[in-house]
Structure formats: C-alpha cells, structure tokens
Amino acid sequence: MAEHIGIDVGGTFIKAGLVAGDGSIIDSVKLPTDVQGGVEAVEARILEAVEGLESGTLESAALSLSKGPSRTGTIGIGLPGIVDPREGVVRLSPNIPCWNDYPARERLGRLLGTVVRVENDANCAALAEAWLGAGRDLESFLLVTLGTGVGGGVFLSGRLWRGDGGRGGEVGHVVVDPDGLPCGCGARGCLETVSSSTAILREARRAGLKGNVEDLAGRARDGGHDESILFERAGRALGIALAAWLNIIDVHAIIVAGGMQPVLDLLEGPARAEIASRAYGLDVGAVRLLGATFGEDAGIVGAVRLAAGFPSP
Ligand SMILES: [Zn+2]
C-alpha cells in the first residue's frame, strides 16, 4: 500500500497526515476547524491542511519524484456525525452544525482535486485499530470512543458494520437512564449524558469537586470517596450500554479509545459488574476490555486505511 493522506475533521481541530503503507505517519498538520465561519471556512481549513502537508512533502527528496494533484491518490476523511456511506453525505453533525446534509464526498473531492472517501470518525478509529492496533488479530470487536462525547464503531467478521444508513455503532446514544438528562441527540439519558468526560466534569462541579478528569481520577485512585462515586457511576452506565450491545452482537472484545482511555481502570470494575448481571448467558470473564493503540492519530490512520480501499466502499 502506497502512502496516502488521511484527514480527521473534529469540532475543534482538523488533523491531516501523510501516512506510509505500514501505517507510520510521515508528516502531519493540525489546524483549528473554524466551525463558526460556516461551510466555506471549514472547507478552506481542510484545503489549507492538505496544502500544508503537500508543500512539506515536496521537501522530501523521495516523494518529490511523484507530482500532480493525485500524488498521494485517494484521500480518506473522517468526519464527526452520521455519514451516509453510499451517498457520501453528512446527514447530521452536532459538532459541525453547518454540515447537516453536507455532500462531503462531492464537495471535498472537487475542493481537493482528487477522489475522496468519507466515513464517520469513530468508524475511522475502528479501521485503524483493526488494521494495526488493538484489534489487528480480532475478527470482531466493538470500539467505544469515550471523550467529550461518546461514539463507537462496530467491526464484525472482518468488516466495518455501518448499518443501512450509516448510523451503525452509535454506542453513545444507547439509553442508560430513561428519565435522565437531555442529550444533544434529542433523547434523554443516553450513555453520553453519563459517561462522557463532559458528564463527569458536570457531576464533579455539582459535587463541589475541582480539577480535570485526570485530577479527579488521581484522587479516586488514592481513595477519594466523592471522586470514586463519579467513576463508579460512569462505569456502571458504560456496562449497561455494553451489555445491551453484547446481547445483540456477542463480541468478546471491546476497545476503548478517546480522552477517557487513561481512566479505563476506574471504569472497568463497575462496567464488568453490570455486564455480568445483564448480558444473557455471557461469561463476562471471556470479554476483554482493551485500550486503543492509536491515541490522537487514530482518525488519520483510519482515514488512510479507508483511502486505500479497505473495506471496499
Ligand atoms: Zn443521545
């Protein structure tokens, strides 16, 4: 597999990377997304990131031999929100609202002057993990991105499972508390409203606790009672949502990615207890909760895997 450009468009930053066939990142660029500027502003930033990458690439003697807009061939792009895989259209994007019903494949393809493939960002992370990460030896797994929001990707029998409309793997919107807080999706009590870092920080402030998630986790590990309750609650909700998933897809590996990955140790116990009591006929001992291999770079690496045509679009 030749080198490709992968782009990870988030609500805050756009990251673009030139990635070699072995998955190593040759060069990368990170720019603010400029969501407030609207559709054209976000597009301009994406173009800027790719141009920055390509001008950097030209300085490399080995790569300057190839030229033209298709120098790096197809470009893969991971986007936040529901991406229709057949049409290449972003149907709904809470973090980039100007992109609701945005024909990403067509517009970004024209903008960048090459063929682009688009995919949900958590699905890209799942592709990266399946290719070279924690899922590389697994036929099937569920990936959960726990961060400011909660997303997910389902890898089943060697393929990304997108669903009929591209909504496959929206783990964050499994309801864990029917009367819970409103979620950005319009429902109430979704996993995202309880187990995201945003939710943990909200509950921490409500309890009068200071610091970021890392600080809170440190105090929980030192035996802090109030801090421990925060992670216990988040871990239980995670377990309830995972049990629902496991009752349907029965995978034995769950890969946890995102900003909350470093606190997985605090979530795992309560999550396992809920899985054990809720997943019908499942030996919870057979279920592995694995940390993701790729941190911030998962989106770029997965987008490159997508660009290379795997799994076939
Ligand atoms: Zn929701």
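Tutor: What follows covers the domains, a pocket, a cavity and a helix pair in this predicted model.

Student: What makes this chain a case of two domains?

Tutor: The chain is divided into domain 1 (4-120) and domain 2 (134-291). These bounds come from an automatic or database domain assignment. The C-alpha centres of domain 1 and domain 2 lie 28 Å apart.

Student: How do you know that domain 1 and domain 2 are in contact?

Tutor: Contact means heavy atoms within 4.5 Å. Seven residues of domain 1 meet that rule with nine residues of domain 2.

Student: Where does the lining of the largest pocket draw its residues from?

Tutor: Domain 1 (4-120) and domain 2 (134-291) each give at least three residues to that lining. Elements that give two or more include strand E1 (4-9), strand E2 (13-19), helix H3 (121-132) and strand E8 (141-146). Strand E9 (150-156) and helix H9 (298-307) are also among them.

Student: How much space lies in the largest pocket, and which residues lie nearest its centre?

Tutor: The space is about 1400 Å³. The lining has 42 residues, and Asn95, Asp121, Thr145, Thr148 and Gly149 lie nearest the centre.

Student: What classes make up the lining of the largest pocket?

Tutor: There are 14 nonpolar, 20 polar and eight charged residues. Gly counts as polar under the rule used.

Student: Why is a space called a cavity?

Tutor: It is called a cavity because a 1.4 Å probe fits there but cannot get out. The count comes to one cavity of 30 Å³ or more. About 30 Å³ of space lies in the largest cavity.

Student: Which residues line the largest cavity?

Tutor: The lining is Val194, Ile200, Glu203, Leu230, Arg233 and Ala234. H5 and H7 are the elements that give two or more residues. H7 gives the most, with three. By class, the lining has four nonpolar, no polar and two charged residues.

Student: How do the axes of helices H5 and H7 run?

Tutor: The axes of H5 (residues 197-206) and H7 (residues 225-249) come within 10 Å and cross at roughly 145°. The crossing is right-handed.

Student: Which residues of H5 and H7 meet?

Tutor: In H5, Ile200, Glu203 and Ala204 meet Leu230, Phe231, Arg233 and Ala234 of H7. The contact holds five nonpolar, no polar and two charged residues.

Notes. Residues numbered from 1 in each chain as written. Predicted model: local features only at pLDDT ≥ 70, side-chain atom pairs only at ≥ 80, totals over all residues. Heavy atoms only, no water. Axes fitted to C-alpha atoms, helices over the stretch in contact; angles between N-to-C directions. Helix = DSSP H or I, 4+ residues; strand = E, 2+ residues; numbered from the N terminus. Left-handed = near helix turned anticlockwise from the far one by under 90°. 1 Å grid on protein atoms, 1.4 Å probe; cavity = no way out; pocket = protein on both sides within 12 Å on 5 of 7 lines; lining within 4 Å. Points joined across faces, edges and corners; volume = space filled by probe spheres on them.
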